[in-house]
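Hi everyone, thanks for coming. Please have the sequence and the structure open while I talk, and stop me whenever you like.

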Amino acid sequence: MSEEVKYDATAEVEVIQGETREKTAPNLAGGDGMGCHAGAAEMEKAARMAGKSEILDQYAKDYPQGPHDKPQSMCPAFGSLRVGLRMRRTATVLSGSACCVYGLTFVSHFYGARRSVGYVPFNSETLVTGKLFEDIREAVHDMADPERYDAIVVTNLCVPTASGVPLRLLPSEINGVRIVGIDVPGFGIPTHAEAKDVLAGAMLNYARQEVEAGPVQAPVSGKSDRPTVTLLGEMFPADPIGIGGMLAPLGLAAGPVVPCREWRELYSALDCGVVAAIHPFYTAAIREFEAAGRPIVGSAPVGHDGTAAWLAAIGDAYGVAADKVAEAQNAFLPAIKEALAATPVKGTVTLSGYEGSELLVARLLIESGAEVAYVGSACPKTPWSEADVAWLEAHGAKVKFRASLEDDCAAMEAIKPDLAIGTTPVVQKGKELGIPSLYFTNLISARPLMGPMGAGSLQQVVNAAMGNKNRMDHMKAFFDGVGEGDTAGIWEGDPNLRPEFRAQNLKKLERAEKARVAANGGVKC
């Protein structure tokens, strides 16, 4: 009898047992309108039946969704994909519906990805028979070249996650190349910002186990001669340099920024004495740092008050003498105060986004003189955002976590600010209303925010946008009534209005809403 040929020890791994499959379990691979169109509830139900309950429960704990389904954002997998594409000597492989993979690769290259994205296609047969997993395993074996890669990241999108494709059964390394498998379903991860944390946490977990097992490679940049502070969360490239300058009087240095740009930086990140949660929603990454015994400090050195408090907190966490902390504060706070006062911002601002730095930007705007009435973040509230929330609320700002597009637009319409900063649809709505508006990602977060450099970075663009109010009013008056309501689109004559159809449809919607409220026990939300 011939002996079975095996690639690795996958066959010996304990297999997770799924929940009992009901007769009505959704067929995600079928051509009956299911698949990636099945809806979040059906896909989550299928994923739990396929043995993914543990990971979905962990995601629900790490990334609570709040009172509504989820914020409106791009596919969350874009976040983890972008983190992998930014890392040197790291390959990325996607497993998901072709339409999803096309969209993700398009957006990745639009944002400057300089390498190919791997894709393992599937069809109904390979999905339901388990052949898809075999194809993924064969793909990573073929790619695992230690001359080219330190790691290969394999990501399950919605349908493979819902079908229970078990990436945990992949070998942890092949030919010295690390294999990191993650599930990033749209029905489990609310935003692309938090998907960055999924991959960062998985990589930190892998690196921490390597460190615990024995000596590891030093980073290319070498080991710092001073104790370091790891910076958690993506930021403008000049900010880590500025933070390092502020830490120097304390006898400290800025460590790596997580998500990292190469695998060996993960070891340096874990080797720090303190972690600064610049972006406070990196729950999985923080769990790994806490498992390594590293204390976490929230907020960031933004503005006068933020920098003073942050330097004090870092000094306290490291046990730095109070006079040294005061020396660092005295070295930088006057310059920050001067920069804030040089070109003050006068006007009311509403601010919203999904980057995770919304609270820091709001603090900076308030210290620049603006009245920030509303701050909406698609990310969740965490213990490491409490200091920023308390400061903002003490200065008159309403802070809403897990804010939806409707929340952001409603706040803008009610407040009628001099400037609306937000996501693309918020900016579009603002301009339709004649409100000067700025896109958060490209025009606000793409600037330094920390220390003296950040103190004067926003005023020019904000004041310039506010100065366009008269131009916005003129454009609104000129185009009034064009391209909205019944006049939207291209018409050669007057549109055919059928008010009786609208009245009938409105009644149908009202009946559906009443049925939904009744099924929800009389609760409207």
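How many bridges join strand β4 to β5, and do the strands run parallel or antiparallel? There are two bridges, and β4 (residues 173-174) and β5 run antiparallel. Before I go further, please keep in mind that this is a predicted model.

Let's stay with that hairpin for a moment. E173 has R178 as its bridge partner in β5. Two residues lie between the strands, and N175 takes a positive phi near 55 degrees in this hairpin.

Now look at the other pairing of β5. Strand β3 (residues 151-156) is joined to β5 by six bridges, and here the two run parallel. If you want a place to start on screen, find V154: its bridge partner in β5 is G181. As for β5 itself (residues 177-183), the strand is mostly covered, with six of its seven residues buried.

On to the aromatic rings. The structure holds three aromatic pairs, and I'd like to show you one of them, Y206 with W263. Their ring centres are 5.5 Å apart and their planes stand at 90 degrees; since an angle over 60 counts as edge-to-face, that is what we call this pair. Y206 sits in helix α8 (residues 192-213) and W263 in helix α10 (residues 263-270), so the pair ties together parts that are 57 residues apart in sequence. Both Y206 and W263 are buried.

One last stop, with a charge and a ring. The charged end of R498 sits over the ring of F501, at 4.4 Å from the ring centre.

That's my tour, and I'm happy to take questions!

Terms used. Residues are numbered from 1 along each chain as its sequence is written. This is a predicted model: local features need pLDDT of at least 70, side-chain atom pairs count only at pLDDT 80 or more; totals for chains, interfaces and linings use all residues. Side-chain values use heavy atoms; hydrogens and water are left out. Rings of Phe, Tyr and Trp (its six-membered ring) pair if their centres lie within 6.5 Å; planes under 30 degrees apart count as stacked, over 60 as edge-to-face and the rest as tilted. Helices (H or I, at least four residues) and strands (E, at least two) are DSSP runs, numbered from the N terminus. Buried means under 20% relative accessible area, exposed over 50%, partly exposed in between (1.4 Å probe, protein chains only). A charge sits over a ring if NZ of Lys or CZ of Arg is within 6 Å of the ring centre and within 35 degrees of the ring normal. Two strands pair if DSSP finds at least two bridges between them.
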